[in-house]
Amino acid sequence: MKKVLIITYSQSGQLREIVANILKPLEGKVEIHTEHLKPVPAYPFPWNDLTFWDAMPESVRMIPSGLEPFGINTNAEYDLVILGYPIWFLSPPIPLTTFLKSEKAQLLLKNKPVVTVIGARNMWVNAQENVKKMIAEAGGLLKGNIALSDNHHNLVSVITISYWMMTGKKDRYLGIFPKPGVCDSDIAQSERFGKPILASLNSDSWDDLQDELIRLNAVDIKPEIVSIENKGKKLFKIWSAFILKKGGPGNPERTRRLKIFKWYLLFVIFAVSPIATILFYLTYPVFFWKINRNIRYFKGIGLR
Ligand SMILES: Cc1cc2nc3c(=O)[nH]c(=O)nc-3n(C[C@H](O)[C@H](O)[C@H](O)COP(=O)(O)O)c2cc1C
């Protein structure tokens with residue numbers, strides 16, 4: 001029987017639910033081993049205001065933290081590794097970075113097919129670029145990517161995800177906003193991605209997997225969101241360097257800079273990004289080919 005290793009990090013359980021559905025067609029047909037990453041120190045969920053913003057510099061700069069020891073045998077040979085993760089500040093969450101930069105990742109991923117599964121708000125392409133590089137550095141072979149997002153309007157999902165992250169409640173804020181996160185039907189229907197994964201496992205041929213997943217709408221990318229995200233990632237790199245000058249995680253010295261970053265980001269999201277979106281569409285015909293080339297690239301699994 002083929003052996004599949006699942007490594008996930010999820011605070012609310014949303015990502016674990018997506019992965020569990022993807023695995024349904026594989027159940028009973030392959031051996032499944034699961035490892036949920038447990039960071040040390042743990043990140044709170046629900047978050048409070050300061051701890052949330054305090055996770056930004058290390059997420060963006062991909063500075064590893066600690067992880068509890070693994071329950072699985074890291075010397076075992078797996079036929080496939082599935083990595084499931086959410087996005088933190090346009091970057092991989094610190095627990096995933098910590099794993100991917102560890103010796104364990106080298107042991108588990110070397111020469112192994114890897115499929116990534118993302119459960120995000122709507123901005124994940126830059127984080128996936130970071131993850132592609134870390135998988136390659138660990139010797140893994142990325143063969144597929146499934147990325148599910150909250151498909152409500154960008155500004156609406158900022159409000160609903162903030163409410164969810166700060167209260168732990170995945171329900172309708174004030175009874176008027178939509179439910180936060182990936183919608184229930186998208187989570188339930190993610191079962192369809194398991195079939196091509198099982199077929200690739202059985203035939204040991206992975207070359208067509210991503211095309212098949214794209215055909216099943218496993219990756220939905222909105223060009224105007226990618227445009228905002230790309231600009232945001234550059235700014236996050238500047239801000240993270242500025243905040244890190246005041247020390248590491250939890251250092252009270254950096255609180256002032258984190259607060260300034262918070263208000264800056266809220267201003268950019270609610271005042272600047274709507275204007276940037278209008279400008280994006282006004283100039284869309286000029287950049288049509290470039291934008292479409294980028295979207296094709298981000299839907300794929302290659303590394304530039
Ligand atoms: C600290 C933090 C930062 C986040 N930043 C982003 C982001 O930049 N882009 C995005 O699409 N989602 C972002 N999210 C939302 C997550 O991608 C994800 O949807 C949410 O955390 C639920 O994931 P879970 O499975 O860990 O509960 C962020 C969440 C947290 C906690």
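Trainee: How do the residues of the shell around the ligand divide by class?

Mentor: Classes first: Ala, Val, Leu, Ile, Met, Phe, Trp, Tyr, Cys and Pro count as nonpolar, Asp, Glu, Lys and Arg as charged, and the others, Gly among them, as polar. Here the shell has 13 nonpolar, seven polar and one charged. This is a predicted model: local features need pLDDT of at least 70, side-chain atom pairs count only at pLDDT 80 or more, and totals for chains, interfaces and linings use all residues. Residues are numbered from 1 along each chain as its sequence is written.

Trainee: Which residues come nearest to the ligand?

Mentor: A residue is near a molecule if its C-beta atom, placed from the backbone, lies within 6 Å of it. Of 21 residues around the ligand, Ser10, Ser12, Pro86, Ala120 and Arg121 come nearest.

Trainee: Where are cis peptide bonds found?

Mentor: One joins Val40 and Pro41, with omega about -5°. Another joins Phe45 and Pro46, at about 0°.

Trainee: Is Asp204 buried or exposed?

Mentor: Count C-beta atoms, placed from the backbone, within 10 Å of the residue's own: 20 or more others is buried, 12 or fewer exposed, in between partly exposed. Asp204 has 9, so it is exposed. Its phi is positive, about 60°, although Asp204 is not a glycine. Asn217 also has a positive phi, near 60°. With 13 C-beta neighbours, Asn217 is partly exposed.
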